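Have the structure open while you read.

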Amino acid sequence: MMNTEEVAFLTDFLKTPKQIAIVPHRNPDGDALGSSLALYRVLKQLNHVVKVIAPNEFPEFISWLPGADQVIVFEKNYDECAAFLQGSDLVFTLDFNALHRAGDQMGSYLEKLRKPFVMIDHHQMPDNYAKITVSNTSFGSTCELLYQFIETLNLKHLIDVHAATCIYTGIVTDSGSFKYVKTTGNTHRVVAELIDKGVDNPEVH
């Protein structure tokens, strides 16, 4: 997870309003978009100026996620996205750990962007582009890892029903509806807390 210095840096950084970009991988799935929108919701409640910038259009079957209508697409709105990224104080990359996973156009742009990155991801062999790398392959989804990240920063109280729905969706997506081997007791404990926050789990499925 994060070391003490990294937790202290982010805790202090998030105390005052900043401009923050959140980027999922190209062709985002439920885990990529769910984690991005959940983090978006939490950061907005801390009064940060936040945008989720997806490399390209996302599938219709996840377009219902809370906040999905606020996502801007890099390949369709280059100038708007580039301006926001240039003005950002921090860039989160979620559910991928190598910048080329954002696609040729956005990946190339991110490689030249001189901003601090925070990576949150559960895939193997992360690249070293991020100031803070939150990487753990034992987690079945980035959403479950994001939940622990939010908990580590003592921000779990900011996970409302909308953020909880996004996190639940990502866990469902990457666990194959809880049947894959990386579905653990902790996965189910997180899911129980999300349902207690009001997630309509049959509707998500």
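Strand 2 (residues 49-54) and strand 3 run parallel and are joined by two bridges. Across that pairing, Ile53 sits opposite Ile72 in strand 3. A quick word on terms: helices (H or I, at least four residues) and strands (E, at least two) are DSSP runs, numbered from the N terminus, and two strands pair if DSSP finds at least two bridges between them.

Before going further, bear in mind that this is a predicted model, where local features need pLDDT of at least 70, side-chain atom pairs count only at pLDDT 80 or more, and totals for chains, interfaces and linings use all residues. Residues are numbered from 1 along each chain as its sequence is written, and side-chain values use heavy atoms, with hydrogens and water left out.

In what order do the six strands of the open sheet come? The order is 3-2-1-4-5-6, with parallel pairing. Strand 3 (72-73) and strand 6 (132-135) are the edge strands, each pairing on one side only.

With strand 1 (residues 19-24) it pairs in the parallel sense over five bridges, and Pro24 stands opposite Leu94 of strand 4.

Is strand 4 mostly covered or mostly open? Five of its five residues are buried, so to speak mostly covered (buried means under 20% relative accessible area, exposed over 50%, partly exposed in between, using a 1.4 Å probe and protein chains only). Leu90, Phe92 and Leu94 are buried on one side of strand 4, and Val91 and Thr93 are buried on the other.

Take Thr93, which lies in strand 4. Thr93 is buried, with a relative accessible area of 0%. Leaving out residues up to four places away in sequence, Thr93 touches Val23, Leu99, Phe117, Val118, Met119, Ile120 and Tyr129. Contact here means heavy atoms within 4.5 Å.

**Helices on the sheet**

Helix 3 (residues 78-87) lies across strand 1, strand 2, strand 3 and strand 4, and runs at about 130° to strand 2. Helix 5 (residues 142-152) also packs on the sheet, where it touches strand 4, strand 5 and strand 6, and its direction makes about 125° with that of strand 5. For these angles, axes are lines fitted to C-alpha atoms, for helices over the stretch in contact, and angles run from 0 to 180 degrees between N-to-C directions.

Helix 5 is largely enclosed by the rest of the structure, because eight of its 11 residues are buried. Those buried residues are Thr142, Cys143, Glu144, Leu145, Leu146, Tyr147, Phe149 and Ile150. After helix 5 comes Asn154, whose phi is positive, near 60°.

**Positive phi in loops**

Asp95 is found in the loop between strand 4 and helix 4 (103-112), while Met125 is in the loop between strand 5 and strand 6. Which of the two is buried and which is exposed? Asp95 is buried, with a relative accessible area of 1%, whereas Met125 is exposed at 72%.

**Helix pairs**

Two packed helices are described by the angle between their axes and the distance between the axes. Here are two such pairs.

| Pair | Axes come within | Crossing angle |
|---|---|---|
| Helix 2 (residues 30-45) and helix 6 (residues 161-174) | 8 Å | roughly 160° |
| Helix 6 and helix 7 (residues 185-196) | 9 Å | roughly 150° |

Helix 2 and helix 6 are therefore roughly antiparallel to each other (angles under 35 degrees count as roughly parallel, over 145 as roughly antiparallel, 65 to 115 as roughly perpendicular and the rest as oblique). Helix 2 passes helix 6 in a left-handed crossing; a crossing is left-handed if the near helix is turned anticlockwise from the far one by less than a right angle, and right-handed if clockwise. On the helix 2 side, the contact is made by Gly30, Asp31, Gly34, Leu37, Ala38 and Arg41, and helix 6 brings His162, Ala163, Cys166, Ile167, Thr169, Gly170, Thr173 and Asp174. By class, this contact of helix 2 with helix 6 has five nonpolar, six polar and three charged residues (Ala, Val, Leu, Ile, Met, Phe, Trp, Tyr, Cys and Pro count as nonpolar, Asp, Glu, Lys and Arg as charged, and the others, Gly among them, as polar).

Helix 6 and helix 7 also cross in the left-handed sense. Ala164, Ile167, Tyr168 and Ile171 of helix 6 meet Thr187, Val190, Val191, Leu194 and Ile195 of helix 7. The residues in this contact of helix 6 with helix 7 divide into eight nonpolar, one polar and no charged.
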